[in-house]
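Subject: Structure handover

Hi,

Here is the structure I promised. My notes follow below it.

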Amino acid sequence: MITAGIKKKKALDLSQTESNNPYESMMQRFQEAAKIIGLDEETYNILKSPDRQYLVSLPVKMDNGKMQVFEGYRIVHSTSRGPSKGGIRYSMDVNLDEVKALAAWMTWKCAVADIPYGGAKGGITCDPSKMSEGELERLTRAYTVALRDVFGVDKDIPAPDVATGPREMAWIVDEYSKLKGEFTPGVVTGKPLHLGGSEGRVEATGRGVNVATVEAAKKMKLNLSKATAAVQGFGNVGSITAKYMELEGVRIVAISDHTGAWHNPKGIDIQKAIAFRNENNGVLKGFKGGKEITNEELLTLEVSILAPCALENQISRKNANDIKAKLIVEGANGPITAGADEILQENGIIVVPDILANGGGVTVSYFEWTQNRFGYYYAVDEIHKRADRSMSRAFNNVWKMSQKYKVSLRIAAYMFALEKVATAIKSRGSY
Ligand code: NAD
């Protein structure tokens, strides 16, 4: 019997207003899970707020000769299970509550994946699409200098997130190594291979999203070679998720990015779409492999699987009742609001939550960090094998928890993580 998408009898009040604040969304799930596992008040109070919050002001000389001041954030949510780990996001939408939520999700994600890290996240409020490479480099270096006492191989280890990648990580390694006076590749992950990056890191998140999809499909008895999927977002996570799902035999009928969405019921050739994007400044604008639709329409297509791999709050109380997919796998962090979760559950839709589904990235980041410490590097097959095994194990741990307590996979994942983090906090003790 499938209980992960348990149907609830309770009537839902759709008129209820819903907050789009990701931190509140995170807290609602955290509270629900804390209640079920009977988390004590002291531990709850420790975990409900981040350990440390940094807001830095970053003056950067722009190409026109003028100085522009950017706001940068780094939130360390928890270091109870190890050094804090989490990406850096460049976007105009970056704000304190978003980064706080993303930092907490990292704590839960590392616990679900069973890797010895706490959680953190960083971001800079900027529009990278309107900045030159030189401006982005100066901004990234300024951010590294401002946070040099926060970052550290055994303290806090950044990684890429939206609009950052190996290039930005290389700048951070360089700036941090200069400040430290020694080459320190282990201070960030997601680096280029020639600077101590790991084989398999670029594809790790999307590959892991696919492993989660395969595991969920097994439980649901969903035949992937007959399944269809829509993937929102065609950056690192979305395009690679689509690529691996296509290899499983899934027909990808819709893809999108911030420039538009494309639908082709016969299936979109993902290799061709990736090649088109790579030759087209990283965007799908002008893609001819399907009929143009809107991103909103993509979410409500008649498909077996929906993979939101772009941003937060894409599925809310407003459109949750229109979702027709049987399975949603969250490649992005926070794409479904807490209010929408209830509706999807009511409608029997299984959701593999972000803190489980997209944990493949941080898992291979962990492998990268251990390789930097050893100075010994694994071949890609070894990385894939270990990461796939870890994703399958995490999925099955969470699945068992959801069956045992008759809760959604999301609440089960939070429960699983909370138990692990709480155990670490208690055994470390306090003064
Ligand atoms: P990315 O910058 O590589 O890609 C983001 C994609 O989303 C782009 O294609 C962009 O055009 C698209 N997008 C932006 N706004 C959109 C909109 N309104 N509608 C549709 N598409 C839109 O970023 P990424 O690394 O692929 O990250 C995507 C999500 O996955 C984020 O939530 C991120 O936190 C999460 N995530 C990333 C990793 C990782 O390893 N990169 C790991 C775990 C989670």
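α10 is followed by Gly348, whose phi is positive, near 75°. This is a predicted model, with residues numbered from 1 along each chain as its sequence is written. Local features need pLDDT of at least 70, side-chain atom pairs count only at pLDDT 80 or more, totals for chains, interfaces and linings use all residues, and side-chain values use heavy atoms, with hydrogens and water left out.

Helices and strands are DSSP runs numbered from the N terminus (helices: H or I, at least four residues; strands: E, at least two).

Helix α10
Helix α10 spans residues 338-346. Of its 9 residues, 7 are buried, so the helix is largely enclosed by the rest of the structure. Buried means under 20% relative accessible area, exposed means over 50%, and partly exposed is in between (1.4 Å probe, protein chains only). The buried residues are Ala338, Gly339, Ala340, Asp341, Ile343, Leu344 and Gln345. They pack against α1 (22-37), β11 (327-329), β12 (350-352) and α14 (409-428). Contact here means heavy atoms within 4.5 Å.

β11 and β12 belong to an open sheet of 7 strands. Its order is β9-β8-β7-β6-β10-β11-β12, and the pairing is mixed. Two strands pair if DSSP finds at least two bridges between them. The edge strands are β9 (291-293) and β12, and each pairs on one side only. Neighbouring strands are turned by 20° against each other on average, direction ignored. Axes are lines fitted to C-alpha atoms, for helices over the stretch in contact; angles run from 0 to 180 degrees between N-to-C directions. β8 (residues 260-263) pairs with β9 in the antiparallel sense over 3 bridges. His263 has Lys291 in β9 as its bridge partner.

There is also an open sheet of 5 strands, again with mixed pairing, in the order β1-β2-β4-β3-β5. β1 (52-61) and β5 (156-160) stand at the edges with a single partner strand each, so one side of each is left without a neighbour in the sheet. The twist averages 25° from one strand to the next. β1 and β2 (residues 67-78) run antiparallel, joined by 10 bridges. Pro59 stands opposite Val69 in β2. Helix α3 (residues 96-112) lies across β1, β2, β3 (84-91) and β4 (118-125). α3 runs at about 150° to β4.

Salt bridges
The whole structure has 29 salt bridges. The criterion is a side-chain nitrogen of Lys or Arg within 4 Å of a carboxyl oxygen of Asp or Glu.

- Lys420 and Asp114: the closest N and O atoms are 3.7 Å apart. Lys420 lies in helix α14 and Asp114 in the loop between α3 and β4, so the pair ties together parts 306 residues apart in sequence. Lys420 is partly exposed at 26%, and Asp114 is partly exposed at 43%.
- Arg141 and Glu175: the closest N and O atoms are 2.8 Å apart. Arg141 sits in helix α4 (residues 133-146) and Glu175 in helix α5 (residues 166-180), so the pair ties together parts 34 residues apart in sequence. Both Arg141 and Glu175 are buried.
- Asp174 and Lys178: the closest N and O atoms are 2.8 Å apart. They are 4 residues apart in helix α5, separated by about one helical turn. Asp174 is partly exposed at 29%, whereas Lys178 is exposed at 56%.
- Network: salt bridges that share partners join Arg29, Glu330, Asp341, Asp354 and Arg410.

Best wishes
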